[in-house]
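Here are my notes on this model. Please read them with the structure open.

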Amino acid sequence: TILLLLGNVCAWAQTAVGSWRSHMAYHKAMQCVAVANKVYVLSDGSLYSYSPEDEFVECYDKTNLLSDQGIRHIAADEDSDILVVVYVNANIDLIYPDGSVTNITDFTNKTTLDPTVNDLRITGGKAYLATNFGLTVLNVARAEFESTYMLGKVTHSCIEMSGTIYAATSEGVYSGNTEENLLDAGNWKRLSTEVYTGLTHFDVCLIGHKAKESIYKINTVDGTATLFRKGPLHFMHIANGKFF
């Protein structure tokens, strides 16, 4: 309900005569995450926040916070309350609770790799970015990349759970034990031939989503799937032990 009501709030904000005004789109909310005392909303590639305590809405762009434009993904590190913002060109902003920002351009500047980021998931202080060549891992607190895994497949989504990284690719779900050398593609095992567009985990369950279909619990031993929730959705999110 909050997202529907706030869809046009930023467009109503008044600007003083003679000052610059950014005309951003805020009509279609696609992702939302709670960070500290704010709810951040990604809508039509733009970002705004809502404070439940005072119902204050704040819109962000390159003039007041962001380093780029055209946002593709947002996610929050619950341990540090850092918001990770990934742009369509793979430029990355880390937004801290005090309002400061660290811009990371390493990935988007690597012209030898396809910079498309298909999904963003954060677990244990690490941001997992699913790409068209595999996945890369960003240490959020240190603001630096730790590893890049060249799977040689389009990776739609990836998540770490209990010492194993799961990658939903165009050729099925692959898993890799973090105690092994995952830079060697041979150490990744195909768990399932099913193609999922999104992965997350809820409690100790691996959850997969198929575009225009439903959500499934995936058995991490044999890859079999059990229907968890019926119907299509755009985004899966876990917060405070609840599934959204």
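1. Start with Ala34. Leaving out residues up to four places away in sequence, Ala34 touches Val39 and Ala76; contact means heavy atoms within 4.5 Å. Ala34 sits in strand S1. Strands (E, at least two residues) are DSSP runs, numbered from the N terminus. Tyr50 is 16 residues from Ala34 in sequence and 9.4 Å away in space, C-alpha to C-alpha.

2. Ground rules. This is a predicted model: local features need pLDDT of at least 70, side-chain atom pairs count only at pLDDT 80 or more, and totals for chains, interfaces and linings use all residues. Residues are numbered from 1 along each chain as its sequence is written, and side-chain values use heavy atoms, with hydrogens and water left out.

3. Gln31 also deserves a look. Strand S1 (residues 29-35) holds Gln31. Gln31 is buried, at a relative accessible area of 9%. The classes are buried under 20% relative accessible area, exposed over 50% and partly exposed in between, with a 1.4 Å probe and protein chains only. A polar atom of the Gln31 side chain lies 3.1 Å from the backbone nitrogen of Ile74.

4. Next, the cores. A nonpolar core is a set of buried Ala, Val, Leu, Ile, Met, Phe, Trp, Tyr and Cys residues joined through side-chain atoms within 4.5 Å. The largest has 18 residues, and Val84, Ile92, Leu94 and Leu129 have the most contacts inside it. At least two residues of this core come from each of strand S6 (82-87), strand S7 (92-95), strand S9 (117-123) and strand S10 (126-131). Another core, of 15 residues, lies apart from it; Leu66, Leu83, Val85 and Ile95 are among its residues.

5. Val84 in detail. Not counting residues up to four places away in sequence, Val84 touches His73, Ile74, Ala75, Ile92, Asp93, Leu94, Leu120, Ile122 and Val140.

6. Now the S9 to S12 sheet. Four strands form an open sheet in the order S9-S10-S11-S12, with antiparallel pairing. Two strands pair if DSSP finds at least two bridges between them. S9 and S12 are the edge strands, and each pairs on one side only. Neighbouring strands here are turned by 20° against each other on average, direction ignored. Axes are lines fitted to C-alpha atoms, and angles run from 0 to 180 degrees between N-to-C directions. S10 and S11 run antiparallel and are joined by five bridges. Ala130 has Leu135 as its bridge partner in S11.

7. The aromatic pairs. Rings of Phe, Tyr and Trp (its six-membered ring) pair if their centres lie within 6.5 Å; planes under 30 degrees apart count as stacked, over 60 as edge-to-face and the rest as tilted. The count comes to five aromatic pairs. Phe107 and Phe133 have ring centres 6.1 Å apart and planes at 70°, so this pair is edge-to-face. Phe107 lies in the loop between strand S8 (101-104) and S9, and Phe133 in the loop between S10 and strand S11 (134-139), so the pair ties together parts that are 26 residues apart in sequence. Phe107 is buried at 4% relative accessible area. Phe133 is buried too, at 8%.

8. Tyr149 is in strand S12 (residues 144-150), while Trp188 is in the loop between strand S15 (172-177) and strand S16 (189-192), 39 residues apart. Both residues are buried. Elsewhere, ring pairs link Phe107, Phe133 and Phe145 into a cluster.

9. Four bridges join strand S19 (residues 215-218) to S20. Leu227 in S20 is the bridge partner of Tyr216.

10. Last, Gly231. The loop between S20 and strand S21 (238-239) contains Gly231. Gly231 is partly exposed, at 25% relative accessible area. Beyond its neighbours within four places in sequence, Gly231 contacts Glu213 and Ser214. Ala211 is 20 residues from Gly231 in sequence and 9.6 Å away in space, C-alpha to C-alpha.

How values were computed. Polar contact = N/O pair within 3.5 Å; in protein donor to acceptor, adjacent residues only side chain to side chain.
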